Amino acid sequence: MKTFSLLATISLALSVSAANQNLQQNNLAGGNRGGFGNNNGFFGQGFGGRNGQNSNQGGRNINNANNGRGNQNTNTNTLDPNVVATGFENDGQDVPTAGQVASLTSSNNFINFCLTVPNLPITNGKQITTGSCNPAPMGSIPSTDNMPSAKFQVPKNGDTLQENTPFTITMAVANFETGNFVNAEENYFAAPQQLNGQGQIVGHSHVVVEQLSALDQTTPTDPKKFAFFKGLNAAAVNGVLTADVTSGLPAGFYKVSSINTAANHQPVLVPIAQHGSLDDAVYVRIVFSLCLSFHC
């Protein structure tokens, strides 16, 4: 009898171990990855997402509201039912508007969305110039009272500057925890947007200067071309960010723009569609040295 009981115990343990192993393999595979088996919504039932809302980055705590979800393991390969956004199952056409298109839908937070574009590689933290698909969620969205804003102080719109002469761009920012940037070569778009303890976006800014044919140019610029670009990696001092244009710029017409981003370099995201600009742009003229004296 003892021998039979021992064998039964061993058999049961092996069965549980095998079941756990199969479950783990299915989770790692993202569920029904090959052909979206058991479709529910647009993207089927393959699970492979994140779990939980709290993270700790570089020793500093990021404040993401749990909303009753608890402090759970964010490294699991299983989608927790507590974070499933059921609103994603609605294509929006129940409230029709002229010209409005239907949204894509999903019952599993689009966790396998990149399987629908197999011609694109996974972004995987890289800056892939030929295009890619990024699986990272958008992340924490601030309140309307914490939407970031920016305004250039120097140069001001319409300023005239001297050619090839150093100058410093200064920009005031509000509702934005600047000075936070990750490795752009390894972690580009590789994590969700995060908020600090005050509910403000954790990130950094950039300035870019593009040359124009004239101040009243109406044709679009080429985003691949710019005269000056600088990541503003330091934290703002008294709410002001700076960038030194150490060699100045040749004579011509220029557009100076900000690019405010989260820590992983994605453009900042806010809670409502109708809002003021989160960035700033000014237009300046840079002239030959003699022109400042003779008003060329």
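Q: Hi! How many helices and strands does the protein chain have?
A: The secondary structure comes to two helices and 12 strands. Bear in mind that this is a predicted model.

Q: Thanks! And what pattern do they follow along the sequence?
A: Reading along the chain, you get α-β-β-β-β-β-β-β-β-β-β-β-β-α.

Q: Nice. What share of the contacts with a separation of 6 or more is between residues 24 or more positions apart?
A: Such pairs account for 71% of those contacts.

Q: Can we zoom in on V240? Which strand is V240 in?
A: V240 sits in strand β9, which covers residues 240-245.

Q: And what does V240 touch, leaving aside neighbours within four places in sequence?
A: V240 is in contact with Q153, T170, M171 and A172.

Q: How far is V240 from T178 in space?
A: Their C-alpha atoms are 9.9 Å apart, while the two residues are 62 apart in sequence.

Q: Switching to the surface: what is the accessible area of the chain?
A: About 17500 Å², with 54% of that belonging to carbon and sulfur atoms. As for burial, buried residues make up 31% of the 296 residues.

Q: Which residues make the nonpolar surface patch of about 270 Å²?
A: That patch is made by F226, F229 and I259. One of these, F229, lies in strand β8, residues 228-232.

Notes
Residues numbered from 1 in each chain as written. Predicted model: local features only at pLDDT ≥ 70, side-chain atom pairs only at ≥ 80, totals over all residues. Heavy atoms only, no water. Patch = residues over 30% accessible without salt bridge, like charges linked within 9 Å, V, L, I, M, F, W, Y side chains within 5 Å. Areas by Shrake-Rupley, 256 points an atom, 1.4 Å probe, with all protein chains shown as cover. Salt bridge = Lys/Arg side-chain N within 4 Å of Asp/Glu carboxyl O. Helix = DSSP H or I, 4+ residues; strand = E, 2+ residues; numbered from the N terminus. Contact = heavy atoms within 4.5 Å. Buried < 20%, exposed > 50% of the residue type's maximum accessible area, 1.4 Å probe, protein only.
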